[in-house]
Amino acid sequence: MEYDLAFFTEMLGRTLALWWVLIPSIFLGLVVGAIPGFSAANTIIILLPLTLALEPEIGLTFMVGLYASSRMGAGIPAILVNIPGTAGAAATPLDGYPMTKQGRGQQALSMSFVASITGGLFTTIIALITLPWLSQVAFYLHSVEMIVIMFFGISLIATIAAKDTLKGLIAGFFGLMIGFIGTDVVYETPRGTFGFLELYDKVPLIPALVGLFAISEAFAVIEKQSIVTERGKAAMQEPGWAQTFEGVRIAASKWWHITWNSLIGLVIGVVPGAGAAIASFVAYQQSKTYSKTPELYGTGHVEGLIAPESANNGVTSGTLVPLLVIGIPGGATAAIMLVVLQFHGVTVGPDLFITSPELAFGPFTAMAVTYALMILTVLPLARYMSHITVVSTIYMAPIIISFTLVGSFVPRAYLFDMNLALVFGVIGYVARKTGYHVAAILIGVILGPLMETFFLRAMKMSQGDIMVLFSSSIGNTLWVFLVISLALPYIMNRRNGKREKAAAHDPYG
Amino acid sequence: MADDAGAQEKKPVSIGSELIIPIAALAFTLYYFYTIWNAPWTAQVAAFIVGSVLILLVVLILIKSFRQLSRGDGEINFDNLIEPRSYIPKRLTLLGLTIAYIFVVPWLGFTITTFLFLSLAMLVLSDFTKKRLILSLSATLSLGGYLLFIVAFKTRFPAGPFENLMNGLF
């Protein structure tokens, strides 16, 4: 079979004909993405009886639509109320929430939507074109290379810690230690579990996310009338679409930033076991390192919002690549898609592109159409969604606490996880009040166990030789990039300082 | 104005509250080391590296705090954690209600517990004003939550009298 323009046009037509499946899946995805705990994977599991009953092509289209839109939905509460819907959106509030506090919530949402949609659409098209080559990426990125990629993400702790290095590093390393709770990957020895069986399988991410961001935020906001500052409220008094269009214009002007960061997401997404959280942390760190205005990050900077949102949407198409090309799911949602396909007797792998090209390419065209449909369905919502931020904290705080506690219960159905969320809430509240960044703690909790797993695998393969970390050419290249990206901000700062000094002493300046 | 700014700058650092996270981190690290002391090296290596760096960082912040104390730039109190003091009763009540929510939900179920939590928490935060609005909002939200989480998403949330009654009816 020839994969020419006529073939892809026909595929696009077939997917467009399934609009009646995609539109409900988009809205469902936005809702489940926005509530912590209700990830796309959980929802697809709940709806398995429905997806299994549908034709495989229709079932896959439904799952892909839900997956892509939930990724974007997770950014909405992250921007408006400082609560990321999933770990993949954990870097979004770093700049999204300060924008909301300034009364630019509508603008921030539309920027996030544009970054997510264009980033997701662009990487889907790139994935479709480069499928045979992209599928090889997973073969070249082994434990050693993944350790370096993890360091890119973890170095974000140092970036966050820029204002108070010591406190930032303590928060990050405390997070890493919490991330090591659970059994080790080789001998399954329980470590730091306080005797709780529920912690043997590591610290669950959703209760950590809910506690550190939502519960602590709810206890902190009761001291104010609303999330938005008085100046921000005044800025929100002018109703209309102007803020939405301004957000679209600003995001469109950062097209290169969206392109670059969504490609980071695509490459990281292709690696099985990586994922949106790593991609968004790496993207944020890279974005700040190479920015002309790094000092503005964390204060409501456009680039700081666009980078993680375009990266985590770049991941969505990336996770489909190893699933369809080599039969290895790149994440939880992809694994469920594999189950559905196997239920219908479909074997994924290279043969799928010859035997059932509509199933092999279908998920990518479905993803492209989902992102295109989201421009029409989601963008207009920014104007109305942003008004949630002016709701009084008298109502907001109890609602946040009760509904996010439910969210922390959902993934594992353990009451223990609600208690855990409260413990993380107390840690988060103390951290907020005393200047320790909760995002730094969360980065540690997310990346700590992943890095340990890759590190132990590398050490096992090398029989304990630490030099294995410098044994691959791709790994060494990544190490060089890491050193450059860590050193660059200091070099630039010193250069700028010298220039400013010289300008101050220049009598003709 | 300038005097105000100067006064704010001179306000001593609240050392007691600033040391809660480092002390908690140190205590947890030592406990973690205790749990892996006799474990195979695979269970130890990453934690010993990260934990050692964390202990070093905590020692550095302790030295910094002692220097602040000796210079008179800091005080041993918990001011920046508990301020504004006028909110202490509300904050503690909200914490108590949250703990009660977690402990009561296995018996009363999601819907009734959420209704009670929302109405009590909102009433406390609003100084017991707008009672009618709060009660109707709490009822709408808890019923909406029941329909969304339990009926639509089939969440395995603890069932109480309300959920059992609905199960029996439909």
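Chain B is assigned two domains, domain 1 (2–81) and domain 2 (86–169); such bounds come from an automatic or database domain assignment. The centres of domain 1 of chain B and domain 2 of chain B, taken over C-alpha atoms, are separated by 37 Å. The model is predicted: local features need pLDDT of at least 70, side-chain atom pairs count only at pLDDT 80 or more, and totals for chains, interfaces and linings use all residues. Residues are numbered from 1 along each chain as its sequence is written, while chains are lettered from A and ligands numbered from 1 in the order in which they are written.

Eight helices and two strands make up the secondary structure of chain B. Helices (H or I, at least four residues) and strands (E, at least two) are DSSP runs, numbered from the N terminus. The order of elements in chain B from the N terminus is α-β-α-α-α-β-α-α-α-α. The radius of gyration of chain B is 24 Å, whereas a compact globule of 170 residues would have a value near 15 Å. This radius is taken over C-alpha atoms, and the globule rule is 2.2 Å times the number of residues to the power 0.38. The C-alpha trace of chain B spans about 70 × 60 × 20 Å along its principal axes. Buried residues account for 27% of the 170 residues of chain B. A residue is buried if 20 or more other C-beta atoms lie within 10 Å of its own, exposed if 12 or fewer, and partly exposed in between, with C-beta atoms placed from the backbone. In chain B, 69% of the contacts between residues at least 6 apart in sequence join residues at least 24 apart. Two residues are in contact if their C-beta atoms, placed from the backbone, lie within 7 Å.

Chain A has 26 helices and two strands. Its radius of gyration is 22 Å, close to the 23 Å that the globule rule gives for 509 residues, so chain A is as compact as a globular protein of that length. The C-alpha atoms of chain A fill a box of roughly 70 × 60 × 60 Å along the principal axes. Of its 509 residues, 57% are buried. For contacts in chain A between residues at least 6 apart in sequence, the share that joins residues at least 24 apart is 80%.

The domain assignment of chain A gives domain 1 (5–471) and domain 2 (472–509). Their centres, taken over C-alpha atoms, lie 31 Å apart. Contacts between them involve 13 residues of domain 1 of chain A and eleven residues of domain 2 of chain A. On the domain 1 side, the elements that give two or more residues are α11 (143–160) and α17 (276–289) of chain A. The most come from α11(A), with seven residues. By class, this side of domain 1 has eight nonpolar, four polar and one charged residue. Ala, Val, Leu, Ile, Met, Phe, Trp, Tyr, Cys and Pro count as nonpolar, Asp, Glu, Lys and Arg as charged, and the others, Gly among them, as polar.

Between the chains, 45 residues of chain A are in contact with 56 residues of chain B. On the chain A side, α12 (165–179), α23 (393–409), α24 (416–434) and α25 (438–461) each give two or more residues. The most come from α23(A), with eleven residues. The chain A side has 35 nonpolar, five polar and five charged residues.

Helix α12(A) has 15 residues and reaches 21 Å from its first C-alpha to its last, close to the 21 Å expected at 1.5 Å a residue. The expected span is 1.5 Å times one less than the number of residues. In α12(A), 13 of the 15 residues are buried, so this helix is largely enclosed by the rest of the structure. The loop between α11 and α12 of chain A holds A:Lys163. A:Lys163 counts as exposed, with 10 C-beta neighbours inside 10 Å. A:Lys163 and A:Glu295 are 132 residues apart in sequence, and their C-alpha atoms are 9.9 Å apart in space.

Helix α21 (residues 357–377) of chain A has 21 residues, which should span 30 Å at 1.5 Å a residue; its end C-alpha atoms are 29 Å apart, in agreement. A kink of about 35° in α21(A) is centred on A:Pro363. The bend at a residue is the angle between axes fitted to the seven residues ending there and the seven starting there.

A:Trp256 belongs to helix α16 (residues 255–270) of chain A. With 8 C-beta neighbours inside 10 Å, A:Trp256 is exposed. A:Pro207 is 49 residues from A:Trp256 along the chain, and their C-alpha atoms are separated by 35 Å.
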